[in-house]
Amino acid sequence: MELAIGIILGCCALGAGMAMIAGIGPGIGEGNAVAKACEAIGRQPESRSAVTTTMLMGCAVAETTGLYALVIAILLIFLAPGRLVNILVETMNTLG
Amino acid sequence: MKKRKYSAKFKAVDAFLIACMILPILFGIMLYVMFTPESSGIEISGARIYFTLNTPVQPLPITESQVNSWIVIISVFFLCLYLTHGLSATNPTKRQHIVEWALEQTKKLVSDNMGEFFDEFAPFVAAIMMLSAFSSLITLVGLYPPTSDLNVVGGWALLVFVLITYYKFKCGAVHYLKSFAEPVAFLTPLNVISEFATPVSMAFRHYGNILSGSVISVLVAASLQELSKIIFGKLPGFLGSIPFLQIGLPAVLSIYFDVFSGLLQAFIFAMLTMLYISSGFPEEDYKAKLLKKSAVKANT
């Protein structure tokens, strides 16, 4: 029983950590966007405000996949262990 | 321009409006203090349930995020009343200049991004932006931000989704259904999925940003507490119990996560609202339809 609960907790933590690997993607994407925005401002300094707003918008949209991973990680850390342990205890009780 | 003199009645109304702005926040802090159990460590938890209403269908929990968003609504309402109190065309007050500047900026933003057909959308966009911004900024007084609850932001995203669908329906149901089969017919399932992904991604984006900020702040604060316990724990007397490292550093993080991130997400939410609504609306076809209608009327 203790071993099973331990495996559940450990695997939930491992899964949360693995889910956050998705943070690499938005990081690279946003870096590219900001680099290009810097180039654009360097070429045309007068279009600074328009470029900045567009860049922020694009960054926010690119961030979405990272945030999906974050939501899954949060669910795995705060919600999943309690639920899985409850299910385990119930099945153990019904089995006797 | 002569200096404007305020009468006693004007000042009294001003004081009343300011009190109505601040009192709900104090009420929220009081509720928070009353319902928070005493705990030693720093913990990460969702919204607390203040009380549960027994409705015939199912019990309805009134949570912290709900109460806090009502507080924000009341405060912003009285803030607007305060700012627009005593408008005059010949002798404007300081706050009137602020209001006029904000109004002009909002109108410019909406007409730049949505086109002239949607000019009357400025109040709606401004309302969403204000509500979102102040909901995130309420963390500065120590209350739970309603935007870090998925239910609140999901409600807003659902409202935006209804508006998007309404404007897509402007050309009739057939046109709306046909728009899913574009550009090629076999892409229909993908189009349907992306239609429903719009509100989901909007809600998750806003909620995830605010929640991740608060989680990281709490983690940093907790780790600094432990670290200062290790480093300064050997000091004699009460000096050992003061978490020196916790002074200052979390405030810098708070400026980024609470103020900058909150305002940026409010702006992005309003921006995406405008873009989705205006891009979903088939303006050319609608104009053609109106022309056809007027031509038919002229013939008969």
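Colleague: How many residue pairs are in polar contact across the interface of chain A and chain B?

Modeller: The rule finds three, with both residues at pLDDT 80 or more. A polar contact is a pair of N or O atoms within 3.5 Å; within protein, one must be able to donate a hydrogen and the other to accept it, and residues adjacent in sequence count only if both atoms are side-chain atoms. This is a predicted model: local features need pLDDT of at least 70, side-chain atom pairs count only at pLDDT 80 or more, and totals for chains, interfaces and linings use all residues. Residues are numbered from 1 along each chain as its sequence is written, chains are lettered from A and ligands numbered from 1 in the order written, and side-chain values use heavy atoms, without hydrogens and water.

Colleague: And how many residues does each chain give to the contact?

Modeller: Chain A gives 13 residues and chain B gives 16. Contact means heavy atoms within 4.5 Å.

Colleague: How much area do chain A and chain B bury between them?

Modeller: About 1300 Å², with 82% of it on carbon and sulfur atoms. That is accessible area (1.4 Å probe) lost on putting the two parts together, summed over both.

Colleague: New topic. At what angle do helix H1 and helix H2 of chain B pack?

Modeller: About 170°, with axes 8 Å apart. Helices here are DSSP runs (H or I, at least four residues), numbered from the N terminus. Axes are lines fitted to C-alpha atoms over the stretch in contact, and angles run from 0 to 180 degrees between N-to-C directions. So H1(B) is roughly antiparallel to H2(B) (over 145 degrees).

Colleague: Which residues meet there?

Modeller: Among them, Leu17(B) and Met21(B) in H1(B), and Ile71(B) and Phe78(B) in H2(B).

Notes
Helices (H or I, at least four residues) and strands (E, at least two) are DSSP runs, numbered from the N terminus. Angles under 35 degrees count as roughly parallel, over 145 as roughly antiparallel, 65 to 115 as roughly perpendicular and the rest as oblique.
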